[in-house]
Amino acid sequence: MTASTAVVSVRDMVKSFGATRAVRGVTLEIPRGSIFGLVGENGAGKSTLAKLMAGIESPDSGVLTISGREQSLRDPHEGIKAGVSMMAQEIMLVPDATVEQNVLLGSMPRRGPFPNRKEMRRRYAELVELTEFDLDPKAKVGGLRVADQQKVEIMRALSQDADMIIMDEPSAALTTDEVERLHHSIREIARRGSTVLLISHFLEEVLALTDHVAIMRDGELVRVGPTSGETVDTLVASMVGRALDTDYHEPKPQADGPVRLSVSHLTRTGILDDVSFDIRQGEILGLAGLIGSGRSEIARCIFGADSFDSGEILIDGEPVRPSSPHDAIGQGMFMVPESRKEQGLVLGSSISDNLLLATHRQRSVGGWVSKRTQWAVAAKLAESVDLRFNSVKQAVGSLSGGNQQKVLFGRAAEVDPRVLIVDEPTRGVDIAAKRAIHETLEEMAASGMAVLFISSELEEVLGVCSRVLVIHRGRVQAEFKAPYDEEKVISAFFGQSGLPHD
Amino acid sequence: MIERIRNYGIVGVFGLLFVVLAFTSPSFLSLQNGANILDQSSVLLILAATTTVCIIAGIFDLSIAAVATASAIMTVNAINAVGLLGGVILGVLFGGLLGLITGVAITKTNVNSFIGTLAASFTYRGLGLILAAGGLVTIENEQSAQTLRDVMEGKYLGLKGAVWIAIGFVILVGVVLAYTVWGKKVYAVGGNWQAARLAGIRSNRVLISCYVLSGIGAGVAGVIYAGRYGTGATNAYPDSYAFTAIAATVVGGVSIFGGSGAVWRGTLGILTFALIGNGLNLLGVDTTYQQTILGLLIFAAVAADQVFRRKSA
């Protein structure tokens with residue numbers, strides 16, 4: 001591949017964050033007009049490499065070439081000028097500005113010093129045509145759902161007329177339907193001659209979309225080549241450095257223990273409508289459905305994080321009505337929340353403090369904590385959830401996503417509740433960590449907990465749970481039992497009834 | 001490297017100042033000068049300790065100077081009403097009560113602490129004015145006034161009583177923050193309010209407790225004033241005390257984003273300010289420059305914090 005056909009190439013790229021060597025000497029060429037996949041476990045260095053290409057991070061050493069010219073980018077603005085724009089993994093929008101303003105933020109058309117509204121409208125319409133995203137251009141971004149905010153990010157990246165657009169996990173928060181539209185726009189971008197660098201945990205997506213794929217592990221490039229020869233198994237084998245079967249094990253038979261958690265007629269006006277279900281001891285009940293269908297709201301109401309208008313919750317036959325998470329924990333519940341960074345972890349604090357966040361009181365002597373005891377307890381917990389770490393005194397923010405999630409499970413194990421709610425426990429987590437999390441969950445259920453398992457990834461819900469409820473518009477749309485008819489489950493997502501729920 | 005500068009830069013600055021002053025000014029290293037520095041800083045040491053706790057919890061309390069002033073007046077009034085010991089206790093509790101009111105009002109209404117405590121500050125200054133009936137109150141019983149003055153101004157092991165009170169208070173707050181469950185909660189709430197709540201910590205209660213502690217610290221400052229001067233005046237502590245406490249905390253290396261830091265940092269910040277002031281005086285530098293130098297130092301500390309955040313993000 002000569003320099004002229006590569007839109008972006010890097011040579012011997014190195015980038016460290018403190019003691020962590022995120023990218024260790026990567027050399028890679030991305031051909032113009034390609035859809036180029038970049039895969040690897042969490043913490044493999046994919047996002048960092050991409051940020052180096054877009055000028056969001058500066059390399060410690062190495063050469064970056066964009067369209068044949070060597071570049072040393074100082075900030076994302078220079079990256080955009082050089083022709084590379086990146087759609088970040090975390091959403092970076094201006095919440096109080098409108099969709100249209102956010103989309104055209106970096107490339108606002110002007111007439112003199114004033115924004116050119118007519119031109120804005122024309123450019124926005126063009127982008128809508130390209131993406132087929134139907135968003136109200138005048139809506140405030142802060143009020144949109146995450147999936148819609150992500151669409152805004154995609155449109156913004158497209159608006160910058162980049163030679164290469166980097167998309168970091170663009171489909172993670174999208175529904176099946178939206179993912180299809182995203183894929184359509186990615187193909188459309190490539191057809192128009194731009195290049196797309198796609199970072200994704202969804203290997204099927206990478207296989208279906210990309211023409212080249214590069215695999216990273218521990219900050220190094222494992223290999224790169226045409227996608228046509230790859231399968232999920234070959235990619236996974238290179239990602240983890242060992243063969244690992246990606247199939248979920250057979251679901252367990254239906255639980256037949258006594259009912260542990262019973263929820264009846266749970267209603268929160270406008271959000272939840274008459275939700276009822278039971279979970280038995282040792283059972284993992286799945287809650288599936290589209291993002292925004294009300295799955296997380298059910299969890300938050302049960303856990304006392306949000307209030308509800310009517311309904312009854314029983315644990316082991318005793319009525320409970322938690323008014324706060326503090327209350328709910330006292331009554332035998334615990335929740336691993338949806339977003340580990342915003343709701344789960346105190347990122348600047350140590351692994352030890354995070355593991356013991358809910359149980360400092362119990363581990364104290366009359367309110368005084370002993371660091372030694374803490375570290376010992378934390379080390380044990382960390383081991384029990386298969387955490388990969390150097391020291392329990394290390395800041396939790398320095399761990400990879402999968403390991404951060406394991407910390408939350410360690411905290412749950414430490415609380416040892418009767419009812420455990422887990423909301424999206426494996427979002428953005430690599431396969432090995434996901435496996436470890438599923439095993440932890442199964443162990444916890446086997447010890448007698450009733451587990452409510454929420455996930456946007458249907459394969460996962462069906463693989464982990466022997467019984468699944470599909471939530472649609474705040475109602476229980478249907479109930480399914482293993483073995484599943486996947487098509488029926490999916491149609492329930494969109495409001496078609498499967499088996500009648502009793 | 002940057003992390004280390006941020007974490008221990010202030011220790012270096014303090015050490016450097018100390019050494020430079022020791023070599024350039026013969027009177028600096030005298031015990032008398034050290035005792036003077038501590039005496040001038042005693043109230044600020046107390047206020048910086050509670051301010052550190054508040055900032056770690058993710059809140060600012062701008063009302064402390066106003067609370068301390070109102071407490072000084074309350075202490076005098078209470079001594080006149082119920083006697084010395086009861087008066088002193090009531091004076092401290094009054095500070096705590098004002099902190100409780102601030103905390104409840106702010107957490108219930110979800111007002112930003114900066115604005116909320118600014119409003120509280122005006123309110124409590126007004127309250128002080130009312131309690132002082134518009135001006136100055138004086139401890140009527142000569143005996144009581146003398147006893148309290150002896151406690152605050154009398155020397156014990158070379159240091160004034162007020163200094164010992166400050167040292168005791170700072171150590172107590174530091175130890176409690178570092179080694180109790182409550183302290184862990186303060187760090188968690190400041191680091192991530194939402195996560196702390198979902199882990200079963202009653203985040204708002206923790207915040208309220210910080211406002212109460214802040215009020216108690218201000219109450220102690222009020223008692224010190226009443227002791228030193230035998231009076232409670234509406235201008236006992238100007239608001240610059242609150243700003244200085246916040247600035248010292250930041251210069252000491254406590255992140256204004258909350259969730260990290262320690263009480264000794266606020267202490268070191270105040271002592272650094274004192275050294276700069278004292279040193280410049282001993283060296284005969286025009287006092288006009290002192291404020292500017294302090295301002296630059298504060299800015300450098302905040303900038304270092306910001307740079308560190310970006311590097312580690």
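**Chain B, the overall look**

I started with contacts in chain B: of those with a separation of 6 or more, 78% come from residues 24 or more positions apart. I keep in mind that this is a predicted model. Next I looked up the secondary structure, and chain B has 13 helices and four strands.

How does the radius of gyration of chain B stand against that of a compact globule? I get 20 Å for chain B, and a compact globule with 313 residues would come out near 20 Å, so the two agree. I also took the box along the principal axes: the C-alpha atoms of chain B fill roughly 60 × 55 × 35 Å.

For burial, I find that 53% of the 313 residues of chain B count as buried. The chain exposes about 13500 Å², and carbon and sulfur atoms supply 68% of that.

**Aromatic pairs**

I went through the rings and the count is seven aromatic pairs over all chains. I opened up B:Phe60 and B:Phe114, which make an edge-to-face pair, with 5.4 Å centre to centre and 85° between the planes. What does this pair tie together? B:Phe60 sits in the loop between α2 (31-56) and α3 (64-82) of chain B, and B:Phe114 is in helix α5 (residues 113-131), so the pair links parts 54 residues apart in sequence.

I checked the exposure of both rings' residues. B:Phe60 has a relative accessible area of 19%, and it counts as buried because the cut-off is under 20%. B:Phe114 is partly exposed, at 39%.

Then I moved to B:Tyr225 and B:Tyr229, a tilted pair with 4.6 Å centre to centre and 45° between the planes. Both lie in helix α10 of chain B, four residues apart, about one turn of the helix.

**More on helix α10 of chain B**

I stayed with helix α10, residues 203-229, and picked B:Val212 in it. Which residues does B:Val212 touch, leaving aside neighbours within four places in sequence? I find B:Gly96, B:Gly99 and B:Leu100 in contact with B:Val212. I also looked up B:Leu127: it is 85 residues from B:Val212 in sequence, and the C-alpha atoms are 18 Å apart.

B:Asp150 is in helix α6 (residues 142-153) of chain B, and I have it as partly exposed, at 41% relative accessibility. Its C-alpha atom is separated by 7.9 Å from that of B:Gly161, eleven residues apart along the chain.

I then checked B:Leu157, in the loop between β2 (155-156) and β3 (159-160) of chain B. Its phi is positive, near 50°, and the residue is not a glycine. B:Leu157 counts as exposed, at 79% relative accessibility.

A:Arg473 lies in the loop between β21 (467-472) and β22 of chain A. Buried or exposed? A:Arg473 is exposed, with 68% relative accessibility.

The peptide bond from A:Ala482 to A:Pro483 is cis, and omega is near -5°.

**Chain A, a hairpin and a ring**

I looked at strands β11 (residues 212-217) and β12 (residues 220-226) of chain A, which run antiparallel and are joined by six bridges. Which residue of β12(A) stands opposite A:Met216? I read off A:Leu221. Two residues lie between the strands of this hairpin, and A:Asp218 takes a positive phi near 50° there.

For the last entry I checked A:Trp375. The charged end of A:Lys393 sits over the ring of A:Trp375, 4.5 Å from its centre.

Notes
Residues are numbered from 1 along each chain as its sequence is written. Chains are lettered from A and ligands numbered from 1 in the order in which they are written. This is a predicted model: local features need pLDDT of at least 70, side-chain atom pairs count only at pLDDT 80 or more; totals for chains, interfaces and linings use all residues. Side-chain values use heavy atoms; hydrogens and water are left out. Two strands pair if DSSP finds at least two bridges between them. Contact means heavy atoms within 4.5 Å. Buried means under 20% relative accessible area, exposed over 50%, partly exposed in between (1.4 Å probe, protein chains only). Rings of Phe, Tyr and Trp (its six-membered ring) pair if their centres lie within 6.5 Å; planes under 30 degrees apart count as stacked, over 60 as edge-to-face and the rest as tilted. A charge sits over a ring if NZ of Lys or CZ of Arg is within 6 Å of the ring centre and within 35 degrees of the ring normal. The radius of gyration is taken over C-alpha atoms; the globule rule is 2.2 Å times the number of residues to the power 0.38. Accessible areas come from the Shrake-Rupley method with a 1.4 Å probe; for residues, only the protein chains shown count as cover.
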